[in-house]
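Here is a briefing on the structure below. Please read it with the sequence and model at hand.

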Amino acid sequence: MKVTVKSWTGVATWRWVANDDNCGICRMPFDSCCPDCKLPGDDCPLVWGACSHCFHIHCIVKWLHSQPQQQCPMCRQDWKFNNK
Amino acid sequence: MAAMSPSERRLQKELMSLMKEPPPGVTVDGDQASQNLTLWTVHMEGVPGTLYEGEKFVLQFKFTNKYPFDSPEVTFIGNNIPIHPHVYSNGHICLSILTDDWSPALSVQSVCLSIVSMLSSCKEKKRPPDNSFYVKTCNKNPKKTKWWYHDDSV
């Protein structure tokens with residue numbers, strides 16, 4: 001039997017690969033966005049610290065801006081962005 | 001229902017989980033909290049086998065719209081304020097995570113656990129040495145107090 005594909009529709013799903021399900025700051029799922037955003041995805045990305053803890057970028061930046069010392073909310077180590 | 005602010009969304013999540021799985025001896029007044037998410041009343045029982053066994057305490061949590069970036073204001077209220085070296089007779093608590101050591105990764109549940117553990121490790125029931133002076137001179141809001149955290153033993 002010979003089949004000719006006349007048309008096809010691709011469907012894909014995506015998710016962030018993080019070591020946790022929820023952001024430790026806003027408690028929203030990583031696959032959803034931070035509470036200040038409307039849509040998940042590249043506009044509300046995740047970011048990792050050198051300590052390996054992960055947050056929505058908007059959440060961790062908001063926290064670091066409110067603090068005199070830049071520490072990870074989870075482990076209190078000095079916060080450094082991990083550019084992996 | 002009106003759209004919830006980021007702080008209300010987080011508080012709503014915390015309220016649900018605290019009502020579903022509260023730590024032992026801790027109960028939140030869910031009706032009151034869900035009517036006004038910025039003011040919670042939490043009931044706490046003294047842990048069996050500690051100096052506070054059989055006692056009942058009431059904690060009040062006040063949240064600003066900056067929560068969880070801003071720590072909650074937590075005080076004991078009601079007519080049974082625990083006699084403890086870090087608890088003033090007006091209900092103010094000297095506990096570093098409530099001010100300098102606050103982190104947005106903490107929660108109402110973790111604050112309750114810290115307070116339960118602070119009470120449970122107490123060896124002798126007594127008020128802080130500067131209680132009467134502090135209570136006369138302090139601001140109503142304990143977060144306005146410049147706390148000195150000098151005793152890590154209880």
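**Overview**

Residues 34–76 of chain A have end C-alpha atoms 22 Å apart, and the span is 21% helix and 14% strand. Helices (H or I, at least four residues) and strands (E, at least two) are DSSP runs, numbered from the N terminus. UniProt, in an unreviewed entry, lists residues 34–76 of chain A as "domain: RING-type". UniProt positions follow the numbering used here, feature names are shortened, and annotations may be inferred rather than shown by experiment.

This is a predicted model: local features need pLDDT of at least 70, side-chain atom pairs count only at pLDDT 80 or more, and totals for chains, interfaces and linings use all residues. Residues are numbered from 1 along each chain as its sequence is written, while chains are lettered from A and ligands numbered from 1 in the order in which they are written.

**Confidence**

- The model scores ipTM 0.83 and pTM 0.88.
- Chain B has a mean pLDDT of 94, with 98% of its residues at 70 or more; pLDDT is the predictor's confidence in each residue, from 0 to 100.

**Sheet in chain B**

- Strand 2 (residues 39–45) and strand 3 of chain B run antiparallel, joined by seven bridges. Two strands pair if DSSP finds at least two bridges between them.
- Leu39(B) has Lys62(B) in strand 3 as its bridge partner.
- Strand 3 and strand 4 (residues 73–77) of chain B also run antiparallel, with five bridges. Leu59(B) has Phe76(B) in strand 4 as its bridge partner.
- In a regular strand the side chains alternate between the two faces of the sheet.
- Strand 3 (residues 56–62) of chain B has Phe57(B), Leu59(B) and Phe61(B) on its covered face. Lys56(B), Val58(B), Gln60(B) and Lys62(B) make up the uncovered face.

**Nonpolar cores**

- A nonpolar core is a set of buried Ala, Val, Leu, Ile, Met, Phe, Trp, Tyr and Cys residues joined through C-beta atoms within 7 Å. Buried means that 20 or more other C-beta atoms lie within 10 Å of the residue's own, placed from the backbone.
- The largest core has 26 residues, and those with the most contacts inside it include Val42(B), Leu59(B) and Phe61(B).
- Helix 3 of chain B gives the most to this core, six residues.
- A second, separate core of 14 residues includes Phe30(A), Cys54(A), Phe55(A) and Cys59(A).

**Interface**

- Nine residues of chain B are in contact (C-beta atoms, placed from the backbone, within 7 Å) with eleven residues of chain A.

Note on methods: A residue is buried if 20 or more other C-beta atoms lie within 10 Å of its own, exposed if 12 or fewer, and partly exposed in between; C-beta atoms are placed from the backbone. Two residues are in contact if their C-beta atoms, placed from the backbone, lie within 7 Å.
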